[in-house]
Amino acid sequence: MLENGLVMALIILIINVCYVSFFTIRMILTLKGYRYFAAFVSMVEIIIYIIGLGMVLDNLNEIQNVIAYAVGYGLGVIAGMKLEEKLALGYITVNVITKEYDKDLPKQLRAQGYGVTSWAANGLEGDRMALQILTPRKYELKLYSQIKELDPKAFIIAYEPKTIHGGFWVKSVKKGKLAE
């Protein structure tokens with residue numbers, strides 16, 4: 001079966017897509033502090049890597065294998081990123097600046113289960129309300145659409161916090177109390 005050049009190239013492509021997907025996920029797990037799970041994923045990753053690279057090195061005279069390896073690598077990056085988006089590990093902090101005091105955005109967002117801290121701010125064009133919202137990443141896009149629905153002109157900045165400690169909200173999220 002492996003004598004057929006096209007089948008060999010296809011197998012190499014699939015192996016490399018799998019390898020690079022695992023590599024991407026492992027890197028993200030490592031950065032987010034999931035060290036033991038990252039170590040397990042790296043063991044699977046390296047086995048896939050050795051098999052794929054061995055197949056290419058054993059047949060270096062076949063250019064389609066090298067091309068399949070390179071294409072598989074690129075597709076693996078895309079697949080790994082898509083997989084990470086679906087996993088949506090961790091939390092996101094969203095800073096919102098709005099001039100819509102009368103709509104009471106904090107109250108409406110809190111009613112949906114988001115952790116919101118708000119304060120008075122002053123911008124170039126006058127008084128504003130600043131909000132800081134913490135949410136699991138899996139609710140990130142939903143939060144953006146809710147903010148835009150409540151205030152289409154809101155200024156939004158998001159980032160991933162490295163450490164979260166204390167507060168009532170973290171306990172309720174762990175108990176699954178955020179509205180879906």
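Trainee: In β3, which residue is the bridge partner of T98?

Mentor: M129 is the bridge partner. This is a predicted model, where local features need pLDDT of at least 70, side-chain atom pairs count only at pLDDT 80 or more, and totals for chains, interfaces and linings use all residues. Residues are numbered from 1 along each chain as its sequence is written, and side-chain values use heavy atoms, without hydrogens or water.

Trainee: What makes β1 and β3 a pair?

Mentor: Strands are DSSP runs of E, at least two residues, and helices runs of H or I, at least four, numbered from the N terminus. Two strands pair if DSSP finds at least two bridges between them. Eight bridges join β1 to β3, so they pair, and they run antiparallel.

Trainee: How many bridges link β1 and β4?

Mentor: Five, again antiparallel. One of the residues involved is V94, whose partner in β4 is A158.

Trainee: Why is M43 called partly exposed?

Mentor: Buried means under 20% relative accessible area, exposed over 50%, partly exposed in between (1.4 Å probe, protein chains only). M43 has 48%, so it is partly exposed. M43 lies in helix α2 (residues 35–58).

Trainee: How do you know that the buried residues of α5 line one face?

Mentor: Helix α5 (residues 140–150) buries E140, L143, Y144, Q146, I147 and L150. Down the axis of α5, they fall within an arc of 165°, so they line one face. The arc is that of the directions from the helix axis to the C-beta atoms. On the other side, L141 and E149 are exposed.
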